[in-house]
Amino acid sequence: MTDHQREFGVAPDGAWSAPGRVNLIGEHTDYNEGFVLPLALPHSAVATVTARADRTLRLRSRDVGDRVVELSLDRLVPGEVPGWAAYPAGVAWALEGAGHRLRGADIHFASDVPTGAGLSSSAALEVVTALAFSDLNELGLTAPELARIGQLAENDFVGMPCGILDQMASASCVEGHVFHLDTRDLGGRQVPFDMAAEGLRLLVVDTRVKHAHADGAYGRRRAECEAGAAALGVPFLRDVPFDGLEAALARIDDEAVRRRVRHVVTEDRRVARVVALLDAGRAREIGPLLTEGHVSLRDDFEVSCPELDLAVDTANAAGALGSRMTGGGFGGSAIALVPEESVAAVGKAVTDAFAGAGLAAPRIFEAIPAPGARRLPV
Ligand code: ADP
Ligand code: MG
């Protein structure tokens with residue numbers, strides 16, 4: 001008997017899965033309508049779902065204790081569902097708000113995406129819920145529509161002002177590829193990323209730290225970017241051309257805003273350069289751009305932290321071609337592009353450095369570009 005049957009007393013109608021992600025480059029660009037380059041992780045959230053005849057929603061996560069959360073689709077109010085259930089409940093709320101009348105459902109979640117590690121466990125939960133509802137209610141939603149629903153749930157129901165990167169990555173990524181996404185129109189292209197062919201590995205270092213006030217700082221960065229765009233008279237920082245950056249910076253009085261703008265504009269440029277190198281089959285050469293991106297996030301955008309800097313600096317010193325924090329920052333994970341022969345040395349150096357600094361052991365694993373959200377065969 002499956003967990004779902006044990007919990008709800010019925011067999012599921014189907015099973016769906018949506019992955020976590022790492023972002024190869026393009027950080028804090030999504031809410032500036034810029035460019036990102038994520039890949040899906042093999043880690044994913046799986047939802048098994050039984051549709052109901054009434055308007056009740058029963059939610060259970062294997063990963064957070066044994067309580068079933070029971071809600072009514074007729075009484076979903078932003079901010080009033082505590083804890084983890086706000087993510088799937090918010091998706092139902094967003095779908096109903098978009099005019100879709102849903103059947104009730106019993107949903108069991110099981111996820112192996114580490115939570116709070118900057119690997120988008122929240123987006124995995126949202127996207128898997130949105131896809132399951134779409135299929136069971138025959139809504140036929142596209143990947144961008146699923147992502148928008150997930151983002152709306154997180155922004156307005158949970159209350160986290162995230163951009164669209166995480167949900168689009170989870171909904172749209174393709175095995176063996178990175179997704180070159182234009183967050184302005186949600187158009188994109190899957191770019192082949194065959195690391196093995198070039199003798200490369202992408203390591204993820206989950207520092208296991210999450211610093212307090214990260215959400216507040218995220219909101220402040222967004223506001224600073226909006227202030228920069230306003231000072232320059234453009235809708236979003238995406239509209240500041242790289243060639244005009246110096247002139248644009250000279251027109252901004254506030255020193256902090258000036259540095260935020262410099263990060264976003266140079267980061268969009270780095271995404272384009274990484275994509276050009278990958279298209280040319282020169283993945284080994286993207287390393288310095290990854291590290292440059294980290295330095296920009298550390299010094300100009302000021303969203304790194306000592307643990308992420310330690311992971312990046314140590315990985316690079318031990319043989320990585322380049323490394324950077326990934327995700328929103330203030331903790332979470334870093335990535336390192338490493339030649340196969342240096343994987344063990346880099347892993348050991350980072351583990352030793354954390355032990356030497358009196359930090360908890362980081363979790364280190366390999367990121368192999370995995371598929372995006374999908375219905376699973378049962
Ligand atoms: P990240 O998305 O980087 O992992 P967030 O803070 O955005 O970090 O989201 C983490 C939250 O998502 C958790 O605190 C929890 O509320 C929810 N969540 C993620 N995975 C699960 C899960 N398997 N079961 C229940 N809740 C989950
Ligand atoms: Mg998240």
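**Notebook: pockets of the predicted model**

I began with the largest pocket and found that its lining takes at least three residues from each of domain 1 (3–191) and domain 2 (194–366), the bounds coming from an automatic or database domain assignment. This is a predicted model, in which local features need pLDDT of at least 70, side-chain atom pairs count only at pLDDT 80 or more, and totals for chains, interfaces and linings use all residues. Residues are numbered from 1 along each chain as its sequence is written.

I noted a volume of about 950 Å³ for the largest pocket. A pocket here is an open set of points on a 1 Å grid over the protein atoms alone, where a 1.4 Å probe fits, with protein on both sides within 12 Å along at least five of seven lines, and lining residues have an atom within 4 Å of a point; a volume is the space filled by probe spheres set on the points, which are joined across faces, edges and corners.

Of its 41 lining residues, I listed Gly116, Ser121, Ser122, Glu154 and Lys210 as the closest to the centre of the largest pocket. By class, I recorded 16 nonpolar, 17 polar and eight charged residues in this lining, with Gly counted as polar and Asp, Glu, Lys and Arg as charged.

I then turned to the second largest pocket, whose volume is about 170 Å³. Its lining includes Asp30, Arg148, Arg184, Arg222 and Phe236, and divides into three nonpolar, three polar and six charged residues. Because domain 1 (3–191) and domain 2 (194–366) both give residues to this lining, I place the second largest pocket between them.

Methods:
Chains are lettered from A and ligands numbered from 1 in the order in which they are written. Side-chain values use heavy atoms; hydrogens and water are left out.
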